[in-house]
Amino acid sequence: MAKVILEMKQITKTFPGVKALDNVNLKVEKGEIHALVGENGAGKSTLMNVLSGIYNYGSYEGDIIFEGKVCQFKTIKDSENKGIVIIHQELALVPYMTIGENMFLGNEQGKKFALDWQETYAKADQLLKVVGLKESSRTLIKDIGVGKQQLVEIAKALAKKVKLLILDEPTASLNESDSKVLLDLLLQFKKEGITSIIISHKLNEIAYVADKITVIRDGSTIETLDKKTDDISEEHIIKGMVGRDLSNRFPSRSTKPSKEIGLEVKDWNVYHPIYTERKVVDNVSLNVKKGEIVGISGLMGAGRTELAMSLFGRSYGSNISGQIKINGKEVQLKTVKQAIENKLAYVTEDRKGNGLVLSNPIYINTTMAKMDKVSKAGVIDKALEIKVANEYREKLKTKCPSVLQSVGNLSGGNQQKVLLSKWMFAEPDVLILDEPTRGIDVGAKYEIYCIINDLVAAGKSVIMISSELPEVLGMCDRIYVMNEGKMVGELSHEEATQEKIMAQILKSGRGE
């Protein structure tokens, strides 16, 4: 019988107005990969924050038993000293420090006042080989991509002599090939006796790596499934997560696109803001009809976000040229203000960094894109702001105790709903949605798809940028395929398949 390395018994954690965890139990065996799944706000990350000492002993009820001993972690350092290391979705790396410096930050090699840099970089290079990263440990973090940064975080964990590795949404920002590298690395660690807990919304990845799957819903443990003996079909897991059958992932739409063009872009060119000789968007033309969802598909680095941001008031790029028409009229969108005034909205992929002010309450975030609608003679009407925010809270079914709550305290799915509320309140005719469901569970995804369908039913034009091909195929009327800054194909909903999209990317360039 396998040895139990971790047991969490009757863990209860309460925040003001919310019971985040309610008598949660979790048992993990040594050397297994154990997945935690559940909707946003179910309590998965909270449970792992309790385990890793981020929520210190005394702030929760229940017991943590690791390697047969009851643990009372006061700090994250306490859990790391036992060999428990957590890697968060938002990576904790310093961009202008080297890989080696980041790997041993807080775990410095040498003496207190005489760090041994030779030993630091030698050990770092050795660990980089273990995770399959060919970069020199003297490379700056800012000079490597997100996939490689994720591997640096894992190497950093190995430097701490990890026994239990916790990964919170490790592949949320990765493309399929980088995700596969990371998941295969976890399988390799398993052979070497390292135990992993993985939180992910990508059920196909869970099925690929996990030995056992624990489902959490509304702060309670629903069930633990064993890959060898239990039903781990996506349908079964989703039912456990959301408490109901979700037979169709994408809501049907009764309305059809109009013949009128809502947005037209012609011969659009954008150069890199710093390396101004490098073209990142190359002579792109596209159009979106009123009441239509148009997808833009492509691999990471294809230029999709750069295109979207450059259209939205030139918030990215240099030497921008080309023509934009909204509702048949040519417009000049040289600032974000001009873009909003001309009824164009951009829902960023980075909701925490650029989309929302996390320290501000929901009602301020809801109205910030169109303050003139809640103010008179330059004075903001707070009561009106709260009324508006409550209307959108009901409309979008945002889960929160009050719109006075800080956005930073919401789950990812509910933060996304506040971000959508913000731009819906601005009353745009054209919305560009950049990875609108990234890091969101299937139940919340379905709700957001319904909101998008309501927008196009009201005659809005929607561009959806997504790295998830099933999402693009399930939601879009037409799909543009982008690679290396160029539009390389266009497919109707009826003819589009994953294979055809990938074939167009591969035909057009290196397709890596």
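In the predicted model, E7 has I65 of strand 4 as its bridge partner. Strand 1 (residues 4-15) and strand 4 (residues 61-66) run antiparallel and are joined by 5 bridges; two strands count as paired if DSSP finds at least two bridges between them. Strands (E, at least two residues) and helices (H or I, at least four) are DSSP runs numbered from the N terminus. An open sheet of 4 strands, with antiparallel pairing, has the order 2-1-4-5. Strand 2 (18-29) and strand 5 (69-71) each have a single partner strand, so one side of each lacks a neighbour in the sheet. From one strand to the next, the twist averages 25°. Helix 1 (residues 44-51) packs on the sheet and touches strand 1, strand 2 and strand 4, contact being heavy atoms within 4.5 Å.

Helix 14 (residues 412-425) packs with helix 15 (residues 442-457) at about 10°, their axes lying 10 Å apart. Axes are lines fitted to C-alpha atoms, for helices over the stretch in contact, and angles between N-to-C directions run from 0 to 180 degrees. The two helices are therefore roughly parallel, a term for angles under 35 degrees. Contributors to the contact include L420 and M424 of helix 14 and I448 and I451 of helix 15.

S179, in helix 6 (residues 176-191), is buried at a relative accessible area of 2%, where buried means under 20% (1.4 Å probe, protein chains only).

Residues are numbered from 1 along each chain as its sequence is written, and side-chain values use heavy atoms, without hydrogens and water. Local features of this predicted model need pLDDT of at least 70, side-chain atom pairs count only at pLDDT 80 or more, and totals for chains, interfaces and linings use all residues.

Key. Parallel < 35°, antiparallel > 145°, perpendicular 65-115°, else oblique. Buried < 20%, exposed > 50% of the residue type's maximum accessible area, 1.4 Å probe, protein only.
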